[in-house]
Amino acid sequence: MKIVAINASPRTAWNTATLVREAAKGAESEGAEIKIFDLYKSDKFTGCVSCFGCKLPQNLGVCVYKDGLSPVLEEIRTADGLIIGTPNYLGDVSAAFRALYERLIFQSLTYKIEPRSYNEHMIPVLFIMTSNASEEFYDKIGYDRMIDGYRNMLSNMVGPTKVMVYGNTLQVNDYDKYNWTMFDPEEKKKRHDSQFIVQKEKAFSLGVEMIKDPWK
């Protein structure tokens, strides 16, 4: 089995990237081949350019626009599972995630009553989001509805999607140099030291599950 793991954060060794890689390690521990992409290290790319090439008979369901996302989309097309993580930026996904999401989803839309999707190769998806905001506030500030929107669309167009959220993250190692008076640096560090290992184990377990008992 092949699993594609995508880090849609510009930081390649921090919260989101680490959890994506831990999930990938879990899948790899069960024998999966892993393809990892750090989107912000890819060649220049954009979101959907509305060329409608994916709606032509010779290209149905395949994004034809060529840029840095082309090899990513091609790997997903032949994958048995997708792990994708993004930080929460201003109450939504990162710009890189959104660009890939547009290209990934729109290529499968048929604009027909039946079938609704050109994608006949549905695969399990693990959608990871990290945020400075605590998970307990998600329903109060609308983040739960935002996540449900992405989960539902991914489930309908890519495959059954599980969500993992890790909030109240450690954003930087040294809070003092930024003078961010909203935060208690010691509490942030204490939480990170006690909880991040738990989140890494959770991500690893979900990667294992994706191979051993894929969700449907």
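Residues are classed by relative accessible area as buried (under 20%), exposed (over 50%) or partly exposed (in between), with a 1.4 Å probe and protein chains only. The model is predicted, so that local features need pLDDT of at least 70 and side-chain atom pairs count only at pLDDT 80 or more, whereas totals for chains, interfaces and linings use all residues. Numbering starts from 1 along each chain as its sequence is written, and side-chain values use heavy atoms, with hydrogens and water left out.

Helices (H or I, at least four residues) and strands (E, at least two) are DSSP runs numbered from the N terminus. Helix α1 has 15 residues and reaches 21 Å from its first C-alpha to its last, close to the 21 Å expected at 1.5 Å a residue, where the expected span is 1.5 Å times one less than the number of residues. Of the 15 residues of α1, 11 are buried, so the helix is largely enclosed by the rest of the structure. The buried residues of α1 are Asn15, Thr16, Ala17, Thr18, Leu19, Val20, Glu22, Ala23, Ala24, Gly26 and Ala27. These buried residues pack against β1 (2-7), β2 (33-38), β3 (81-87), β4 (125-130), β5 (161-166) and α6, contact being defined as heavy atoms within 4.5 Å. Helix α1 is followed by Gly31, whose phi is positive, near 100°.

Two packed helices are described by the angle between their axes and the distance between the axes. Axes are lines fitted to C-alpha atoms, for helices over the stretch in contact, and angles run from 0 to 180 degrees between N-to-C directions. Helix α1 (residues 15-29) packs on helix α6 (residues 185-212) at an angle of about 40°, with the axes 6 Å apart. That angle makes α1 oblique to α6, since angles under 35 degrees count as roughly parallel, over 145 as roughly antiparallel, 65 to 115 as roughly perpendicular and the rest as oblique. The crossing of α1 and α6 is right-handed; a crossing is given this name if the near helix is turned clockwise from the far one by less than a right angle, and is left-handed if anticlockwise. On the α1 side the contact includes Asn15, Thr18, Leu19 and Glu22, and among the α6 residues that take part are His192, Phe196, Gln199 and Lys200. By class, the contact of α1 with α6 has 8 nonpolar, 7 polar and 3 charged residues (Ala, Val, Leu, Ile, Met, Phe, Trp, Tyr, Cys and Pro count as nonpolar, Asp, Glu, Lys and Arg as charged, and the others, Gly among them, as polar).

Helix α2 (residues 70-77) and helix α3 (residues 95-106) pack at about 50°, with their axes 11 Å apart, and are therefore oblique to each other. Their crossing is right-handed, and Ser70, Val72, Leu73 and Ile76 in α2 meet Leu100, Arg103 and Leu104 in α3. The residues of this contact divide into 5 nonpolar, 1 polar and 1 charged.

Asn7 lies in strand β1 and, at 0% relative accessibility, counts as buried. Residues up to four places away in sequence not being counted, Asn7 touches Thr12, Thr16, Ala17, Val20, Arg21, Phe37, Asp38, Leu39 and Gly85.

Some backbone features fall in loops. In the loop between α3 and β4 is Pro115, and the peptide bond from Glu114 to Pro115 is cis, with omega near -10°. Ser50, in the loop between β2 and α2, is a residue other than glycine with a positive phi, near 55°, and counts as partly exposed at 44% relative accessibility. Asn179, in the loop between β5 and α6, likewise has a positive phi of about 55° although it is not a glycine, and counts as exposed at 60% relative accessibility.
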